[in-house]
Amino acid sequence: MNILIIEDEARIARRLHRMTVQFFGNKPAEVTICDSLKKGLDHIAGHVPNLLLLDLNLNGDNGFEVLEQMVAAPFHTIIVSANIDKAITAFAYGVLDFVPKPFNEDRLFQAFTRFINPAVKSNEGIKYLAVKTAGQVRLISIDDVVYIKGAGIYTELHLKNGKQELHDKSMELLQQLMPDGFERIHKSYLVNLGQVEKILVNPGSRYSMLLKTGEVLPVGRSKYKELKNRTA
Amino acid sequence: MHNLLLLLMLLGWLDQPIIRNNEPNPVYRVGDNPAWATKNYADGDWSPHRGNTADRIFWSRTQLDLREVKKELLPLGLQIESFGAFEVYWDGVLIGKNGQVPNNGKLEIPGTENSYYPIPDSLTKAGPHTVALRSSQSFLPGVQRSIGFGIYNYAAMISRPLVTMSYMNIMAGAFLTAALYYFFLYLNSSRRQADILVFSTICLLFFATLVMEYLKFHVVIPYSQFFIRLEIIGWLTFANALLVPWYFIIQFNFRKGTWLMSILLLSLLLLYVINYRHYDLTARLYSLAMLVAAFIVVAKGTMQREKGGFIVLAGLLSSALVNNYIVYDYGLFISFTIIVLCMLYLHSIRTSFIEAEHQNAVVLSSRLKLELLKKNIQPHFLRNTLTSMMDWVEESPKEGSRFIQALAAEFDIMNEISEMTLIPIGKELELCRQHLSVMGFRKEINYSFETINIDEAQLIPPAIIHTLLENGITHSAPLPGNTVKFILLYTLTKEMHSYIFQTIAENQQHLSNRTGGNGFKYIRARLTESYGANWAFDSSATGKGWQSTIQIYRR
């Protein structure tokens with residue numbers, strides 16, 4: 001487990017480091033501190049971390065540019081910032097958590113718990129998915145996503161306009177970020193329930209889902225029961 | 001406008017004179033003979049020149065050719081403009097006296113220059129008539145002035161000066177009010193502006209000119225004192241001819257004002273000398289010189305795009321036209337009124353400009369005050385400080401309490417200076433040291449702050465060195481040994497106070513270029529607030545770190 005801390009205040013960086021090590025104490029975790037954004041981005045280029053703790057001055061010139069880059073990346077980002085008025089925006093962009101300064105152990109551990117436990121979902125209203133194409137980051141509205149298909153370490157976003165976009169985050173990471181309306185129907189599919197036409201039962205206890213777009217997706221057997229219970 | 005109407009009316013009325021011969025020429029004879037009063041006395045051998053009559057009695061006879069007069073115009077009156085004391089005989093009939101000619105060894109009682117006499121209706125038939133004056137001119141006997149005659153409806157003639165004066169007094173009252181108002185304004189203004197005083201003086205002088213001009217209508221001035229009034233009017237016009245261009249020089253920021261004023265003064269003096277005793281001509285030339293000088297200033301001002309330039313230029317042009325085409329008496333006053341209106345207009349522009357400037361200054365000051373207060377409660381500072389503080393308290397309560405004290409001390413100083421626009425540099429340095437102490441706890445960098453040649457008594461705007469320090473902390477990485485050093489160097493020269501603030505450290509690399517941002521804006525705004533345009537600020541990277549220079553010019 002690689003955890004990167006970008007924080008220019010030595011005292012706060014040490015605090016984050018200490019608490020991180022304490023939380024992940026029973027797991028082999030490598031924690032790195034970079035004391036400037038520039039150094040941090042350089043570091044990421046070489047070693048992709050599993051989790052980024054980022055002190056981002058979102059009021060600065062390029063705070064949101066950096067944020068877009070980070071949320072498009074294949075790892076989760078937790079913002080640790082003094083600009084608490086920007087928390088909602090940060091969540092909309094798809095950060096895993098926003099820890100307002102000053103923070104104590106409990107609050108930071110809550111964020112880490114969310115990271116290690118996929119069942120704990122963020123309720124903070126992600127609105128966009130940032131995708132990187134040809135070095136450019138674009139924001140895609142969550143409402144435009146029909147379903148997400150896992151493709152190895154990447155995911156494919158299938159959009160209402162019929163287009164597809166690749167996202168660097170894995171299915172598991174995205175599922176943690178997506179809001180309640182998205183349901184995992186198969187190990188490879190995460191569907192926007194608003195786009196479902198009906199569930200089809202095929203011969204041989206095989207299930208599938210007809211979408212409003214006309215596409216048919218497979219539904220896992222265990223997932224079917226779950227969905228049925230939910231809709232009943 | 002009323003004046004203009006009145007004037008045109010008067011001019012129209014004067015256009016049809018009752019006396020038909022254009023320039024009646026008097027003939028003179030020294031001596032005294034009652035027969036010389038008769039209408040048809042043969043005066044062919046009399047002289048067209050009076051000569052120096054000393055204190056002797058002399059007679060003058062003048063033929064006036066009257067046109068047919070409508071009944072409505074009766075009774076007629078005779079207006080005589082002449083020096084001396086005299087008895088007036090109209091076709092041999094005594095119709096009035098002006099002063100008293102020497103009589104039985106009694107000295108002459110001087111008459112007044114302008115006098116009016118009713119003419120008996122029976123003697124106003126069309127055709128030639130004779131005005132014979134039995135005169136003396138014991139005072140100013142050498143002054144040769146022709147005798148002016150006018151015949152009008154008697155009632156109109158007597159009341160005309162009153163009508164004229166009533167209009168002129170309205171104008172004079174307006175000028176007096178303006179003079180007093182602007183004088184009080186000048187007295188009670190915190191910034192005593194020369195232009196206001198000049199304007200007030202112009203109004204007062206013009207009021208005096210008007211009063212002097214029409215004094216003749218309500219004070220009987222003996223002809224022996226006649227020139228005193230003209231002399232006074234001349235000098236009043238002289239003064240105004242200087243002051244009006246001066247006012248425009250101030251208003252339009254005319255650069256070579258001293259030169260222009262010197263040339264103008266010389267020209268006016270020259271005009272005075274050359275045309276000595278030609279009062280009306282001199283006054284006319286004075287106002288011409290004034291118009292020329294004012295025109296130069298205003299034209300230049302218009303080219304410099306000074307506010308109100310065009311309107312004043314138009315005003316001056318119309319003023320010149322009026323001055324040129326209307327009889328002097330009225331022309332001068334109307335043209336002058338136009339100029340003063342221009343000045344009032346300029347003044348109102350200027351006042352509203354100053355008002356807006358003042359408003360801006362007030363807004364700026366309160367904005368800066370807020371910005372200063374915000375420095376310590378803006379989230380980036382406060383929340384990072386609190387986070388570090390939490391850590392210190394948890395790890396080392398003793399150090400934590402020192403940290404809290406340092407922060408409290410910084411807050412105290414901020415609070416103390418937040419209302420001020422200038423503070424002693426000593427206070428500013430204290431603030432900087434407290435800030436460094438706080439930041440030392442946060443960043444765990446060894447900050448040092450060296451001051452060189454500081455004069456503790458000097459005043460500077462609050463928190464500008466503090467802002468430079470903040471920038472230095474934010475944008476610097478420590479040198480090997482975990483140190484960042486700041487140096488403040490003060491130098492005083494004849495021209496300026498100069499503060500050089502150096503950061504000796506590694507400059508942080510940034511994703512985007514440093515533009516200076518809000519901190520520099522704050523510094524510039526503070527310098528403007530206290531020093532107007534008399535400052536310079538510069539900030540740039542050096543080989544050793546960063547250097548900012550603040551220069552405050554001494555006036």
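Author: **A buried residue in chain A**

Val99(A) is buried because 22 other C-beta atoms lie within 10 Å; a residue counts as buried with 20 or more other C-beta atoms within 10 Å of its own, as exposed with 12 or fewer, and as partly exposed in between, with C-beta atoms placed from the backbone. This is a predicted model, in which local features need pLDDT of at least 70, side-chain atom pairs count only at pLDDT 80 or more, and totals for chains, interfaces and linings use all residues. Residues are numbered from 1 along each chain as its sequence is written, while chains are lettered from A and ligands numbered from 1 in the order in which they are written.

Val99(A) belongs to strand β5 of chain A, residues 97-100. Strands (E, at least two residues) and helices (H or I, at least four) are DSSP runs numbered from the N terminus. Leaving aside residues up to four places away in sequence, Val99(A) touches Ile78(A), Ile79(A), Val80(A), Arg107(A), Leu108(A) and Ala111(A); contact requires C-beta atoms, placed from the backbone, within 7 Å. Ala87(A) is twelve residues from Val99(A) in sequence, and their C-alpha atoms are 8.5 Å apart.

As for the chain around this residue, chain A has seven helices and 15 strands. Of its 232 residues, 37% are buried. Among contacts in chain A between residues at least 6 apart in sequence, 48% join residues at least 24 apart.

Chain A also meets chain B, in a contact that takes 18 residues from chain A and 17 residues from chain B. On the chain A side, α1 (10-23) and α2 (37-46) are the elements that give two or more residues.

Technical notes. Two residues are in contact if their C-beta atoms, placed from the backbone, lie within 7 Å.
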